[in-house]
Amino acid sequence: MHHGLSDKSVPDLRAQHGWNELPEPPRASPLALLANQVMNLLVLLLIAAAAISLLLGEIGDFIAIIAVVVLNAILGFVQEWRAETTMQALRKMLSPAAVVVRDGLRRTIPARELLPGDLVILAEGDRVPADADILHEAGLLIDESVLTGESVPVSRAAGESVASGTTVLRGHAEVCVTAIGQQTRFGKIATLTATVSDAQTQLQRELQGLARQLGLLAVGVAGVVAVAALLTDRPLADVFMLGLSLAVAMVPEGLPAVVTVTLALGAGAMARRNALVRNLQAIETLGAASVICTDKTGTLTENKMTARVIRTAEARYEVTGSGYDPAGHIARDGQKTRAEDDPVLARLSQTAQICSHARLVRRGDQWDMVGEPTEGALATLAAKAWADPVDRDSIVEELPFSSDRKRMSVLERTGAGMVLHCKGAPEQILAICDRIDRAEGPAPMPPTLRDEIAAEVEAMAGRGLRTIALAYSPGASEPIVEEGLVFLGLVGLVDPPRPEVRDAVALAARAGIRTVMITGDHPATAMNIAEKLAIPGDRVLTSDDLAGMEDAALAEALRENVVFARVQPEDKLRIVAALQDGGAIVAMTGDGVNDAPALKRADIGLAMGIRGTEVAKDASDLVVLDDNYATIVGAVAEGRRQFENIRKFVRYLLASNTGEVLALLVNLSLGGPLIFLPTQILWMNLVTDGVTAISLGLEKPEPGQMRVPPRDPRMHLLGLSALPVILAFGLYTAGASLWLFYSLLDQGVEVARTAAFTGMVLFEKTSVFAFRSLRTPCWRLGWTSNPALWMAFSAMVLAQIAAVYWPPIQTLLHTAPLSLDHWGSILVLAVPLLVVPELVKSLSRAA
């Protein structure tokens, strides 16, 4: 018995060997992030404008432009740094774990804490966390392609070694760590890539393309306007400033940064809801999901298996107790029964615990289980029967459970010779049995008994019980031969549905999202759980059914309410493809090695955080940390919220810029002095609008968000329906600013310009409330439901007051103090931007 390292030895070993990790990819330095803020066409144009102002002797303009550029760079730096910090935190949450034995107890620790000498337990689907020597193994098959490039898996035996970064495709093993971190083979030839992808999403590319197009358009329009202005004999300096003002006003400079920050904050919000985003693309795609294909065990159910019924050839037993507490008992005909009193129960209990790697551990007053839930239920069953404990050193050979074989076999050496023990799906166990166990020993299996056993399996499954069959073979020999076994009996296990899932399924249905159950369990069990959770299911299809169906027939079947049971992992790929061909946006759950192709094929791959293998997690877009279906639906809701909020602030920013452009163009046609200076437009676009837009991205979900069908994933942020709204706000804010400017022009250009400039800022800040929802008035959303918006609004209004009255900013922005009358006019003109949208939305809801 290997006890692994002791906790006392860990500090000294840590000091000697360090951590089991490779150097992280270098983060962008603060200086690089700061440099990124000025490396775009528009900011470079502004810097050139500042240089020209300096040459022309306009020291004030030079200082003002440079000050705003610096302020924008600082704000952009803070935003990107916050986004980078959020993604770094998510990367840490995705760090792999390892199952080790220390001081004789199994425990799960972060893989980075491994040390040479650690005893690590590897199971199917695990990523090997360090270089190690194999002590014991059963059917171990390793994918070493990450090191060798060879795609053919290799088997590994005791005495050989496994390398860090490779993957366990089949079997399991106990290994002793020999090298960690940079001392591993993997560490010497490669640097691990970051787990969380920070590649640009389609949404970000679309927005950057929009900004690029607007930038080119801005330069073109500015050039034409500048030529037109020259023809009107305006001074060259005014012409230059007018062209620059238009270029700046047309482009929403802060848009890409705002989107990046919003997506990163959205990823953080999902992580707090137990949904860990590995790819930012998943956030926007989740909002369009129309089908969720979900496993049953652990996702729809609690994955806390408990034996409830035992059925042998001669008796039926009821099992009491719940969870993994062995305090319950086994009753036959209403009488408590132990293994010592019942030879069939004794043999069944022996097979149950020897075909289980799970162990029961008492911690204080609580019993915990270390291992796989089904095996934990069998170990608990043996404890309730008071069966003799198993000597693990007596195990000679093992064929591990696999999704193809659906059974597990263990060869044990006893004083009377070799005994083969087997557990698995009833049909797979029955196929290799020709005898039945009775009190006096094995007897030939009557032909009718197979039908009786199959009927019992159906009956148990109809009650929602998962059925495991057990068999054994005395007088076996090496190697394992799975034939001619003695059928012991059936064990019915209950895995209760999660209480919150029924409501989550109903919520998904109201949102137009279809739930499709895909499980390896018995069809009757699947239908029982589907009924309990109100998952529509008029028929059940199994792997055998799928094998006989053409793709067209499968597509036709998927138009109905169908539940999939007894499926193979490769069947998931066909189901996903058929749904996608029908126009669905598919979210698919998975946890095993063979689930990886389906996870990659799905629009959103969802790996299970508890049961999921490292291979499944690597293939996924999102990791469900608690394996809970309700978390998946919550993540879809969060994805919808994020996409809607991005639509809101994109429209808000473009509406604001449209008002500025229209005011400049109309002012030019009227031949008056410049209504806004470039530095003032920079202040509006880069300082005040960006902060407000980010707060708009923090809006809570709207009340009806999950009562509308999924959006078309091809939907653009700016469809034709957005243009009237953007134009309406632009026309009003432009008209109101022009009225302020020309009505006050006789009081001096600086006063008139300051009033128009301040008016535009306050109009844009007031407009933000209209964009909190594109359908619902604020009185229904709750005026105080977004405190961040009020904080941003108040801060930006105070900043504008400072721009009007504080001499340093006055000088930079060329503003003049305003009187109370001026402020009164601005506020009167701002009120319709608050009242009219509320009235329109309220009337449209009432209609």
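Modeller: A search of the whole structure finds two cavities of 30 Å³ or more. A cavity is a set of points on a 1 Å grid over the protein atoms alone where a 1.4 Å probe fits but cannot get out. This is a predicted model, so local features need pLDDT of at least 70 and side-chain atom pairs count only at pLDDT 80 or more, while totals for chains, interfaces and linings use all residues. Residues are numbered from 1 along each chain as its sequence is written, and side-chain values use heavy atoms, with hydrogens and water left out.

Take the largest cavity. Its volume is about 40 Å³, meaning the space filled by probe spheres set on grid points joined across faces, edges and corners.

What lines the largest cavity? The lining is made of Tyr 652, Ala 655, Ser 656, Phe 729, Gly 730, Thr 733, Glu 764, Ser 767 and Phe 771. Each lining residue has an atom within 4 Å of a point. Three helices each supply at least two of the lining residues: H22 (629–670), H24 (722–743) and H25 (749–767). By class, the lining has four nonpolar, four polar and one charged residues. Here Ala, Val, Leu, Ile, Met, Phe, Trp, Tyr, Cys and Pro count as nonpolar, Asp, Glu, Lys and Arg as charged, and the others, Gly among them, as polar.

Now step from the lining to a neighbour. Thr 692 itself sits in helix H23 (residues 678–696). Helices (H or I, at least four residues) and strands (E, at least two) are DSSP runs, numbered from the N terminus. Thr 692 has a relative accessible area of 1%, so it is buried. Buried means under 20%, exposed over 50%, and partly exposed in between (1.4 Å probe, protein chains only).

Contact means heavy atoms within 4.5 Å. With Lys 765 there is also a polar contact: the two side chains are joined at 3.4 Å. Such a contact is a pair of N or O atoms within 3.5 Å; within protein, one must be able to donate a hydrogen and the other to accept it, and residues adjacent in sequence count only if both atoms are side-chain atoms.

Back to helix H22. Lys 648 forms a salt bridge with Glu 702, with the closest N and O atoms 3.1 Å apart. Lys 648 is in H22, while Glu 702 is in the loop between H23 and H24, so the pair links parts of the chain 54 residues apart. A salt bridge is a side-chain nitrogen of Lys or Arg within 4 Å of a carboxyl oxygen of Asp or Glu. Side chains of opposite charge can pair when their charged atoms come close. Is Lys 648 buried or exposed? Lys 648 is buried, at a relative accessible area of 1%. Glu 702 counts as buried too, at 9%.

The loop between H23 and H24 also holds Leu 698. At 38% relative accessible area, Leu 698 is partly exposed. Leaving aside neighbours within four places in sequence, Leu 698 is in contact with Leu 265, Arg 641, Asn 645, Asn 786 and Ala 788. Leu 698 and Pro 787 are 89 residues apart in sequence, yet 9.3 Å apart in space, C-alpha to C-alpha.

The protein has 29 helices and 28 strands. Of its 847 residues, 55% are buried. Among contacts between residues at least 6 apart in sequence, 71% join residues at least 24 apart. The whole structure has 23 salt bridges. One of them pairs Glu 375 with Lys 423, the closest N and O atoms being 3.0 Å apart. Glu 375 lies in helix H12 (residues 373–384) and Lys 423 in strand S18 (residues 417–424), so this bridge ties together parts 48 residues apart in sequence. Glu 375 counts as buried at 10% relative accessibility, and Lys 423 is buried at 7%. Elsewhere, Arg 311, Arg 316, Glu 318 and Glu 456 are linked in a network of salt bridges.

Terms used:
On a 1 Å grid over the protein atoms alone, a cavity is a set of points where a 1.4 Å probe fits but cannot get out, and a pocket is an open set with protein on both sides within 12 Å along at least five of seven lines; lining residues have an atom within 4 Å of a point.
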